[in-house]
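The following paragraphs lead the reader through an interface between two chains and then through a ligand site.

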Amino acid sequence: MSRLRTSIHASLLLLPAVVLLAAFTHVPAVRTFIGALYTTPRGKRPAVFVGLDNYRQLLDDPVFWQAMANNVWYAALTIPLSVVLALVMALAVDARLPGRAALRMAYFTPTVLPMIAVANIWLFFYTPGYGLLDQVLGLFGLPETNWLGSRDSALYAVIAVAVWKEAGFFMIFYLAALQTIPHDLREAAAIEGASRFTFFRRVTLPLLMPTTLFVLVNAVIGAFRLVDHIVVMTRGGPDNATALLLYYIYEIGFRFWDSAYAATLTTVLLAILAVLAAVQFLFLERRIHYR
Amino acid sequence: QTTVNMYYPVAVGGPITKIIDKMVADFSAAHPDIKVNPIYSGSYQDTITKVITALKGGNAPEFAVILSTDMFTLIDEDAIVPFEELVSDADKAWLDSFYEGFMLNSRTGGKTWGIPFQRSTIVQYWNKDAFREVGLDPEVPPTTWDEMVAFAERLTKRDASGNVVRWGIQIPSSGFPYWLFQALTTQNDVILANEAGTKVTYDDPRVVEALRFWVDLSRKHKVHPEGIVEWGTTPKDFFEGKVAMMWTTTGNLTNVRTNAPFPFGVAKLPSKVRGGSPTGGGNFYIFKNASPEQRNAALAFIKWATAPEQAAAWSIATGYVAVTPAAWETDAMKKYVAEFPAAAVARDQLDVAVAELSTHDNQRVTKALNDGLQAALTGAKDPAAAMKDAQAEADRVLRPFQ
Amino acid sequence: MSIADRPPGAIETIGAWLLGLLWILPLAYAVWTAFHPSAYATRFDLLAPLTLENFVAAWQAAPFGRYLFNTTVIVTMVLAGQFLVCTLAAYAFARYRFPGQSLLFALVLMQLMVMPDILIVENYRTMFALGLVDTLGAVALPYMASAFGIFLLRQTFMTVPKELEEAAIVEGCSSLGVLWRVYVPLARPVFVAYGLVSVSYHWNNFLWPLIVTNSVETRPLTVGLAVFSSTDQGIDWSIISAATLMTAAPLLVAFLIFQRAFVQSFMRAGIR
Amino acid sequence: MAEIVVDNLTKVWNSAPAVDGISFTCASGEFTVLLGPSGCGKSTTLRLIAGLEQPTAGTVAIGGRDVTRRSPAERGIAMVFQSYALFPHLSVAENILFGLKVRGVPRAERDERLKRAAQTLGLTHLLDRKPAALSGGQRQRVALGRAIVADAAVCLMDEPLSNLDAQLRQEMRAEIRSLQRRLGMTMIYVTHDQVEAMTMSDRVVLMRDGRIEQQGTPAELYDRPASGFAARFLGTPPMNLLPWAVGAGLVPGALANGTGGSIGVRPERLRLGPPGPGLTATVAAIEYLGADTLLTLDAAGVKLIARTDGHERHRVGETVGVSCAAGDLHFFDAASGRRVEANGNGCNRPEQGGEA
Amino acid sequence: MAEIVVDNLTKVWNSAPAVDGISFTCASGEFTVLLGPSGCGKSTTLRLIAGLEQPTAGTVAIGGRDVTRRSPAERGIAMVFQSYALFPHLSVAENILFGLKVRGVPRAERDERLKRAAQTLGLTHLLDRKPAALSGGQRQRVALGRAIVADAAVCLMDEPLSNLDAQLRQEMRAEIRSLQRRLGMTMIYVTHDQVEAMTMSDRVVLMRDGRIEQQGTPAELYDRPASGFAARFLGTPPMNLLPWAVGAGLVPGALANGTGGSIGVRPERLRLGPPGPGLTATVAAIEYLGADTLLTLDAAGVKLIARTDGHERHRVGETVGVSCAAGDLHFFDAASGRRVEANGNGCNRPEQGGEA
Ligand SMILES: Nc1ncnc2c1ncn2[C@@H]1O[C@H](COP(=O)(O)OP(=O)(O)OP(=O)(O)O)[C@@H](O)[C@H]1O
Ligand SMILES: Nc1ncnc2c1ncn2[C@@H]1O[C@H](COP(=O)(O)OP(=O)(O)OP(=O)(O)O)[C@@H](O)[C@H]1O
Ligand SMILES: O=P(O)(O)OC[C@H](O)CO
Ligand SMILES: [Mg+2]
Ligand SMILES: [Mg+2]
């Protein structure tokens, strides 16, 4: 097939996606970025061009830096934990375990349950004293702990919820991908005396790489995106100890209605994510065996 | 026929949407020329988000129920019209028929921007069984800070290994800690913001003192849980006997009444220099983009909904404070209060109520305070330092409005 | 039974189940509280009385029947749109080489990062301009082209053995024919996975539908659910749980039905 | 030490048995070929021995130990899969060394073995390639390499040479055989190639529909096929199976009259001459194979094939006399198809069935 | 109508040419076999003709139309892949009917063709199975079925019978050949099986390292191999290539003295007798193949193979005389390995190289 024809075919295939993406993502995003160069228009006061002033404001904003630090820490824990757990879960429910269907269901529940409701349930788990966690720890004579109300534990408590939510979600994709690994490879490895672990490390894992790339990119983005539980559980508190970038953006944009500053933050967040995603992509894509 | 859309939040339990629908239906029966379209719009926060999104999209509702504290935000967005522009001279009196405490949050610059609708104050609830257990008179709540500390010390119970099984007092500090803190500052006789909403006094020594008192409840007196106390679980803590006394909105009255497994009392908040509580809750606002007919239609509904009979019915159904003295004079309300005297506590407190903290760029300014409060409560900062930082941040935010 | 699917050892089984119990805890808790009076929401007593009152109360708080219908329509539209749009785009990315491909793919991935929630003001404006505010279509439209789906399906399509495509081409399949007859069926587990995840997401999506709909005729379930979640007067776990179970039940059932689709292992199994 | 005893082995796939109660023994160091038509259960048998499938019934013992419930890894085997089962993400070298790495063979020895195997298999210049960039035969050689380097006590090979050209195949045959001898491996080898079966094996197990039709040395199977099926399965072109009347004509006078059974004679045993007292046939078709020429003969409607010298020239339509030595005839029972032994030295057909 | 012309076709994979400027023509309705050692570029050539790979250089024309830039679908071909390429998610029936459905062949006809193909291939009872539940040979037959039902003008088959047993293979050979004749298909067929090459093809194209070594009718290739390579590639066991001195001894006195070149003689042409004036050798090894016996002979350190009758009995270590007819000798140039024609009827070796 000629190059021209290939290109035409490809464009036709991409057309619907491109139009929709442009209409609901790119155009609004660009408008948002442009907004970052202006002041926030309010009522009768129109927007005024201020160049990079908003970015300067950002550099001086302690909450931004706190959110940034929180988020890095949050990402550093949630990403590896959720991806590894997802893989472990997928392997478990791919095998012929007794009650496999129920177990799949169990792992998948976080995806099914609405976050607004489930965050409230987690709130109960973390409630000091009679919360589930304290009830269980109480059996061992441990004193009550204010999990969400203390600066030391709040971020970890929130991370646990994120891992819970994400691992089951990614598990699904690993599970589906496991099906694409031919059986005879497992057999060949078994003959060669490979333990399950060796087979996993030397064969399964490399062959799952396309999915891992997908999951990793999503996990990184998710670590900067998943804030529903923050909204319900801590609202960024105590004293911004659980403020994450997106939550902060949300607060600025939809509570403070400072759209210009929110756009500025969004631009920064996007730049961070784009760099992270690109690094992963460029680094991994070349090492992936696709077929 | 004129059609008007009304956004309204649901902030308390129960079939609120049904009650509103019924209210609208009743209104329609009386005003066939007006069609009110009630649009449930989530929580307070969801509602303001939806309203401003629609506003920025050029499609704001004609009127809405929104937090009284969002008044400045709406003014700054040039979204709402003051009622003085709408009401006839005859109706001016109507604007003065509400409790003054509620109007503090509805007026600025001499104009009335909101009409009180679902309003509240903070009250204290106490567990009579717990009082009895430690030898306190179950019918007598603390009336001063010192009393409160003394009571709380007796009420705080520890098990053999020293772990606390019941705290004496709990003042929630998540979500909108500033609101509860405002009760403490009011009692210490200091007002946090000026009426114009352009200045705050976070670093006033009396404010710091109030904060230190709050912090000391847990750090020094050890009668209050440490760290941040969740607003949403506080009533449950109370039901569970984990706390003997709690401060929360009067909007919780119905909830406590149905769920507390022990006899309980409701009282005004204790006083220090003076008594008092901020008001809370939502007002009606009319939006600029409504046509003159729609504005009148909306006004007609608001008037109808705040008329004594309606206000009384609404108060009984939800636990909010009926917004006019006249409403308390209706037969229904009198009967209700007779049956359930606690329902009148919040109203009685209105005499000493102050405006809920509300300024221009309100959310940012209150966040500065919230952060400072939480920093102090979690021990990250000394109260004085926390309030100094909060003041600095608030000043920075408010500078453009001064 | 081939070696490939022999049951794993006891330790792994127990480990997997412990993890499963941990993961299902919130759901288990929801079931417990939903069926007991609220006094037992925090106390686990085997003799606690059972009740359906929480469900009754939840059901009465909003027109859930209508909401359920709306949600179903929205979710179906989103899913159909996503499958169509994403499949086509992913195919182009996986199997064609054309100028500007990497750039375009990067632009697609951008949507993964631009949280739709951040753009609601702009998107509301667009919907208003299109006259679509307060329609079911407006809820679905912005999600139909999903970078997530395109990325996922691209990754999957890239692992389809080339021989199978070649065989289909030799048999006279057009490009779309190859897509439809080879790629799509082979990627079925992934489509099922994506479908479940997408349905779950949109079933539970809240903010955008709240903003863009105004009437009972267009509102999804979550808006009804929101009546109970963190009201300003404190959390009533019993009712939240009942409402959660009510709304999530269809998803749980769907998952149980479709999870079997994950064990249909066939990629590569046939070529030699 | 690595004797393989298969006892009453059965494997049922959704009610249809693929392997149906087979028993055989492969002595330690012996080379056994599994033979049989497509789908008769050869691969399944191999996979059962390897432990890749659990038998529905029966046992497998290796080296005197019942391994029926043991994992493949515990059985000490190497295997060449019919589907190759190469790891697509690993290079040729990594594929070949996979098992050695797993077993922790030291690096130096690994490299040594790899080098030797790659040389033998002609893969030296391909070691860095991924399987996708190999030709069919090259892939098969990699699969073979993986089994060769293992030096296992038991080696199972499923049509390991089917995609190689004749020349390479011959070399590989010799190589495998000598390796097997040198290491004293016990080998079970599935093949469709008659030459492989005949030249490499110590024993042949001929399967049919999941059962064993006959087992023995290659010569036994070829010279004394136990049934019409066995007779026709070994030998290309296959043995002619003729109705009694026609077959008897090949050795005039030597056979008593009889009915019912059939008479077999191998194509290479038929002698053509001028029409005579025996069977007369016309040449119906001629196939030139280089070394040989195959003649399809028509004897009054009965087709038979004769193999003749590659240079012998006949014409289609020519009439020829066909004969053979009495000792070249095989007799099979009409009903069961089993072999019936000619008694004595003469060729009188016994009316009473022989073995069966 | 469907003549295939391959002109100067070249395919380079990362700098190494897999197919290196080959040209040949396959006339309409002709049956061409591609032959050559593993990795020589047969499959690649087939894939280039099918349009599955883009050539680095050269053109392919089908039916007089240059199709080099056309998509496979436009070329009107059917193909059996060496790797089968069955659709794992489709049943046997669906796999076979895939192309017909795509092309919108009416249902009744589809069913008819399926029935016929399934019967021919012995797949009737397997039609509902998925490929994963088939044996290797069954899978290959499904792949074959897919090509057969297509009734395409051009059919490309890549070792379509390699996993079938001898008997089935023979049937399939006949079936494919008759189908090809009946439909007038132009067939290009890759095989390693010498018998297939010899019996089925009208022409053989012998490849080596991506180039064509020799092309012609099967008999031409067998009887007059163009090089030592070609001589050894066709024929099992391969032709003996002997140093001049040894080879000359086979036909005592017939050959002039000479040096340098080599003399070839096919194993089946060697005649054994008592030691005589010609070549004397000892029997080094004996391989019994049933129909034949292969003797490895050692003539003063030079190994040669002789094929003898399956029943002829020799002993290892026995000393025999080896001879052959002068006409059975082939001469190859020492340097180029190309054939050198013996001039005249005699067997004098010409000092001057013949062709090439
Ligand atoms: N995708 C590829 N990339 C690089 N080299 C390749 C690729 N495919 C084939 N080759 C090489 O090209 C050469 C020719 O391969 P081809 O498949 O045509 O061989 P073949 O003649 O069919 O061999 P066989 O009989 O073993 O199937 C081989 O050396 C092979 O390694
Ligand atoms: N997974 C399976 N499910 C159902 N039937 C199967 C399965 N695998 C194989 N079979 C059937 O079992 C029988 C024996 O298969 P097997 O692979 O052992 O044959 P084989 O002798 O190796 O044949 P071939 O020479 O064609 O490879 C076949 O009829 C096949 O269709
Ligand atoms: O819970 P409410 O409705 O009494 O209101 C709470 C406060 O106003 C929040 O600022
Ligand atoms: Mg097999
Ligand atoms: Mg090939």
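**The interface of chains A and C**

In this predicted model, 96 residues of chain A are in contact (heavy atoms within 4.5 Å) with 109 residues of chain C. Residues are numbered from 1 along each chain as its sequence is written, and chains are lettered from A and ligands numbered from 1 in the order in which they are written. Local features need pLDDT of at least 70, side-chain atom pairs count only at pLDDT 80 or more, and totals for chains, interfaces and linings use all residues, while side-chain values use heavy atoms, with hydrogens and water left out.

About 9,100 Å² is buried between chain A and chain C, and carbon and sulfur atoms give 76% of that area; buried area is the accessible area (1.4 Å probe) that two parts lose on being put together, summed over both. The rule finds 2 salt bridges across this interface, a salt bridge being a side-chain nitrogen of Lys or Arg within 4 Å of a carboxyl oxygen of Asp or Glu. One of them joins the side chains of Arg196(A) and Glu12(C), at 3.4 Å from N to O. On the side of chain A that touches chain C, the largest share, 19 residues, comes from helix α1 (residues 3–35) of chain A; helices are DSSP runs of H or I with at least four residues, numbered from the N terminus.

Ligand 2, in turn, lies between chains D and E. An oxygen atom of ligand 2 is 2.5 Å from an N or O atom in the side chain of Arg129(E).

Key
A residue is near a molecule or strand if one of its heavy atoms lies within 4 Å of it. A polar contact is a pair of N or O atoms within 3.5 Å; within protein, one must be able to donate a hydrogen and the other to accept it, and residues adjacent in sequence count only if both atoms are side-chain atoms. Helices (H or I, at least four residues) and strands (E, at least two) are DSSP runs, numbered from the N terminus.
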